[in-house]
Amino acid sequence: MEQHGDRREEDEETEEEEDSRQRQQTRQASRVDPTITPWARQLGVDPQKMHVMQAALFRMPEEERALKAMNEAQPSKKRLLLPSRARKHSRDSEGDGLRADSRQRASFAHDIDPEPYRPSRKYVRVESSASAFGGLENAAVDQGLYLGRSFRVGWGPGGTLVHLGDLCGPAGTSYTQAARLLTHHLAHTVIEDDADGVPFANPLPALSFASFVSQFPATDHSFEPTLFRLGHALFDSIDFRLNSIPDASVRQRIAEIRRKTELSKWLKMAVSSATDADLRGQLDAKWSTTVFTLLTGYQVGRACDATMDSGNVKLASLIAQCPGDAAFRGDLEEQLELWRTQKIDAHIDAGTRRIYALLAGIVNTLEGSHGSGLEQCPDVDLAAGLDWKRAFGLQLWFGMPMDASIAEVFREYDALWADDRASVAAPVPWYKERPAAEQSETAWTLPASAQPPDALYALIKLFADSECSLSSILSPFSFGVSPADYRLPWHLYIILSRCLRVRDLADREASGAAEGDEDVEGHSPSADLLANSYASQLEQLGMVQEAAFVLLHLESSTGRVKAIKELLTRCADKLDDWVTRGLVGSLKLPMAWINEAKAVYALDSGKVYDAYELYLAAGLYDAAHDLAVLELAPDAVIRQDLLLLRELFEVFNGRPITGWSLRGKVFFDYVAVLTRLPQLRDRILQGDGMLTEDETADLEHYARAVPKMLNILPDVLPDRSNVRHNAAVTEMTNKLVYHLDRTKPLAIAQSQVRTPFFSEATRTKSLHSTMYEKFLRTVEVA
C-alpha cells in the first residue's frame, strides 16, 4: 500500500497538460475498458493517469475481466478453485481468486458451488499524519516498529524470504546467550599475570548466581534463568539480618528455615507454567480437579477462590490454613481414616479426597476402603501425572513437617522415585518432559542406564547432600539435548567452585602447602577439561575472543599458554583489527602471541616475507632467522639484491640466535665482502698498490674469511633438491671467488677450497688470476 501511494504521488507531480499523442492513448484505453473513463471522471483524475496506475499497480483490464469470468457461477462445470501457489500477503485489489475456499464439503464425492463474486477493494493512500506509525519509527521499545520500513522482512520472487541479518529459531545455536553470559562474566573478572607471568582470569566473589539472574527479564521462565534462580535460592550469600541473635545454633536454624522459604518461592514459580498448562487442559473438569491442580502448584489463594466459587465454604477455610501445623494435619488424617473405615469415602468425589489428603500431609497414596459394589473405593495416587518438580513440591509443601530441612525433604522424594514407584516421576531433564513428537527430533540418544537427571534436581542434591561432588552434576545432558554443550556446566563450576567456594570437583589434587592455607589450591584436570571443552564449542561458533577468555581460566600456566596459542593459530584468519584489540585490550594477551599465530597463517598462505616480519614482531628471532636463511635469502642472492640481504640479517646481529655464526652470519658477511672488496681493489689501483694499515687488515681478514665461507656455504643451504638453494650457493661462490681473485689472487689457491659449486668459468678465471699473480711476483724477484 505504501508503494502504491508513492507511485501515485509521483504521477500527481507530472504536468497536467498532455500532448495529443497521450490523449489518443487515453481514448484507446477507454475503448479497451469503458469503466475507466466514468470512474476517472468521478474521482477527478485524468483517465490516462488512471490507466497507467492500474497497469502498473494492479492487474491489466484484460486480466481483471478474465478473473471476474473465472469467479462467475458456471452451473455446467462445478469445481473448487484452489491456487497453485498462494502468497503470504495477497493484495485485495487482485480479487479473491487467489484465496483458497474455506468452505468444507461433506465427502470427496460431494461438490460445492464456488463462492459468489465479490468486488475487490482498492487500496487508499493514508497520509503520514493519519498513519498509526507516523512519527514512531524511532520507537526502540517496539522492535517491530523501530525502523520497520527499512528493515522489515518480505517475500521476493519465487517465494524467497528477503531479510537483513540472520534468521534464528527455538532450535538455533546458543550464540547470543553464550555471548551475554560471558560478557557478564568478563565484567566481574580480574585478568592479571600469575607467578609465571602468564595472563590468568580470576573471577571475583561478586560473580554470584544473583548477578547472572539479573541478566534475564523477570518474566523469563525458561530453563536457564530458572537454573540461576535456584542457585541463588540455595547457595548465594543472603543477609538474613540475624547478627543480633547471640546463639549460633538459633541463627543456623533460622537461616535453614529462610533457605527453605526461598526454595519454596522458587519452586512455586518454576512449576507455575506446568500448573497453568494443566488448568488449560481441564476447562471442563470438576471443581475439585481444578483445586487439586492449583494446590500442586502451591497456588493456595487461587485454590481458595475456586473452592469458594464451587460453594464449598468450609473446605475453602481449611485450604486457607495450608499447610497447617501437626494438630491440623492430624485432625484431617483422622477424618480421612473415619471415612475409610466406615466406607464413606466411596461416596466422596476422588478429587475432594485428594484435596483432603494433601491438607492432611498425605502425598503418596491415599488408601481407599476397598469395598464392593456401590461401596467400592480404590486407592488414589496423588503424585500420578505430575512432573518431578511438582512431585517434589508435594513433599516440600504438604508431606514433610514444617520444621523439616531441605535435606530431609530431598531424601524423602529421592527415595520415592528411586523405588520405581510409577506414581512418582523421576527427575528427567526438561527436554524429556516435552511431547514425544518433539523428543524424536533430538539427534543424541543414551542408554536407559546412563540417563542423567535434571540439572535442577542435581543442584538441589548438591545442596542437600554434603558428600555430593560437583563433578557428578555437570553432565551436559542434564542441561540440554547436546552432549557437546558445556556452556551452563562451566558457568556453574566457576560460580560454585571459584567464586562462592561451596563445592569443588572430585579430582582436585591437594597442593604441597601447609595445612590450613586456604588460599593455595591444588590442580583439577576435570576443571581444565571442562574449560577446554567449552572453549572448543565457542571456537566452532566463531567466537574467538570468548574462547580465549574461557581458556584464561585454565589452572596450569603451561597448559594455558599452549591452549591459547593453539586457538589463535587455528583462528588466525579471524584475527582482524577488531578481534586483536579485544584479545590484547580486554583479555590482556601478549601481542607476541597474536603475531605468532598470524605468522603461521601467513606462512601457510605462502606469504613468507609477511611471516618473517610477524615472527620478528613476536620476538621469535630463531623462527624469523630460519625463514630468512632458507626462504628469503636465496631469492635475494639470485636477484643480487644486497640491500635486501643486509636488511634481512642485520636485525639478528648481536642477538643470541641459534646457529647464527654458521648460517645467517654467512649472508651478512657475504654482503660485507661484496661491498668492501671492490672498494679495496679501487684503493689498490688508485694508490699504486699501497693500502693503509686498516685497509690491509681488512684485506687479510677477507682473504681468510672468504675461503671459510666457500666451504660452509653448502651446509648453509643444504637442500640439494631445491633449485633455489643450489642456484644461490652457486651465485655466492662465483661472486666471492671473483672479487677475492681480483683483489688478492693467491688467497683462493693457498686456501685449497674444495667445493662442487665452482663453475668451469670460475675455475678457469681463478687459475688464470693465480698464475698471473705468481708470474708478477717472479718478475719482481728477478
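This is a predicted model: local features need pLDDT of at least 70, side-chain atom pairs count only at pLDDT 80 or more; totals for chains, interfaces and linings use all residues.
A residue counts as buried when its relative accessible area is under 20%, and by that cut-off Cys377, with a relative accessible area of 3%, is buried.

**Confidence in the model**

The protein chain has an average pLDDT of 79, and 69% of the residues score at least 70. Over residues 1–18 the pLDDT is below 50, and this stretch has 20 contacts in the model beyond near neighbours in sequence. The pLDDT is also below 50 over residues 511–520, a stretch that has four contacts in the model beyond near neighbours in sequence.

**Cysteines and a cis peptide bond**

A disulfide is a covalent bond between the sulfur atoms of two cysteines. When the whole structure is searched, zero disulfides are found. Cys322 is therefore in no disulfide, for the nearest cysteine sulfur, that of Cys304, is 8.4 Å away, whereas the cut-off is 2.5 Å. Cys322 counts as buried, at 13% relative accessibility. Cys322 is also joined to Pro323 by a cis peptide bond, with an omega of about 5°, and Pro323 is found in the loop between α14 (313–319) and α15 (326–341).

**Two residues with positive phi**

Most residues other than glycine have a negative phi, and most peptide bonds are trans. Lys343, although it is not a glycine, has a positive phi of about 55°; Lys343 has its place in the loop between α15 and α16 (350–359) and counts as partly exposed, at 33% relative accessibility. Arg501, which is likewise a residue other than glycine, has a positive phi near 60°. Arg501 lies in the loop between α21 (487–499) and α22, and with a relative accessible area of 51% Arg501 is exposed.

Helix α30 (residues 664–686) has 23 residues and reaches 34 Å from its first C-alpha to its last, which is close to the 33 Å expected at 1.5 Å a residue. The buried residues of α30 include Val666, Phe667, Tyr670 and Leu674. Among the elements that cover the buried residues of α30 are α28 (621–638), α29 (642–650), α31 (693–716) and α32 (723–743).

Helix α24 (residues 557–570) has 14 residues, and from its first C-alpha to its last it reaches 20 Å, close to the 20 Å expected at 1.5 Å a residue. Among the buried residues of α24 are Arg560, Val561, Ile564 and Leu567. The buried residues of α24 pack against β4 (199–203), α22, α23 (544–551), α25 (577–586) and α26 (591–604).

Asp528 is found in helix α22 (residues 525–540).

**Salt bridges**

Side chains of opposite charge can pair when their charged atoms come close. In this structure the count comes to 21 salt bridges, and the table gives some of them.

| Salt bridge | N to O distance |
|---|---|
| Glu256 and Arg253 | 3.1 Å |
| Asp276 and Arg302 | 3.4 Å |
| Arg683 and Glu695 | 3.0 Å |

Glu256 and Arg253 are separated by about one helical turn, because they are three residues apart in helix α10 (residues 248–270). Glu256 is partly exposed at 32% relative accessibility, and Arg253 is partly exposed with a relative accessible area of 30%.

The salt bridge between Asp276 and Arg302 links distant parts of the chain, with Asp276 in helix α11 (residues 272–280) and Arg302 in helix α13 (residues 300–309), 26 residues apart. Asp276 counts as partly exposed at 26% relative accessibility, and Arg302 counts as partly exposed at 42%.

Arg683 and Glu695, whose side chains meet in a salt bridge, also link distant parts of the chain, since Arg683 is in helix α30 and Glu695 is in helix α31, twelve residues apart. Arg683 counts as partly exposed at 31% relative accessibility, whereas Glu695 is buried, with a relative accessible area of 11%. Elsewhere, a network of salt bridges links Asp278, Asp387 and Arg390.

Notes
Residues are numbered from 1 along each chain as its sequence is written. Side-chain values use heavy atoms; hydrogens and water are left out. pLDDT is the predictor's confidence in each residue, from 0 to 100. Contact means heavy atoms within 4.5 Å. Buried means under 20% relative accessible area, exposed over 50%, partly exposed in between (1.4 Å probe, protein chains only). Helices (H or I, at least four residues) and strands (E, at least two) are DSSP runs, numbered from the N terminus. The expected span of a helix is 1.5 Å times one less than its number of residues. A salt bridge is a side-chain nitrogen of Lys or Arg within 4 Å of a carboxyl oxygen of Asp or Glu.
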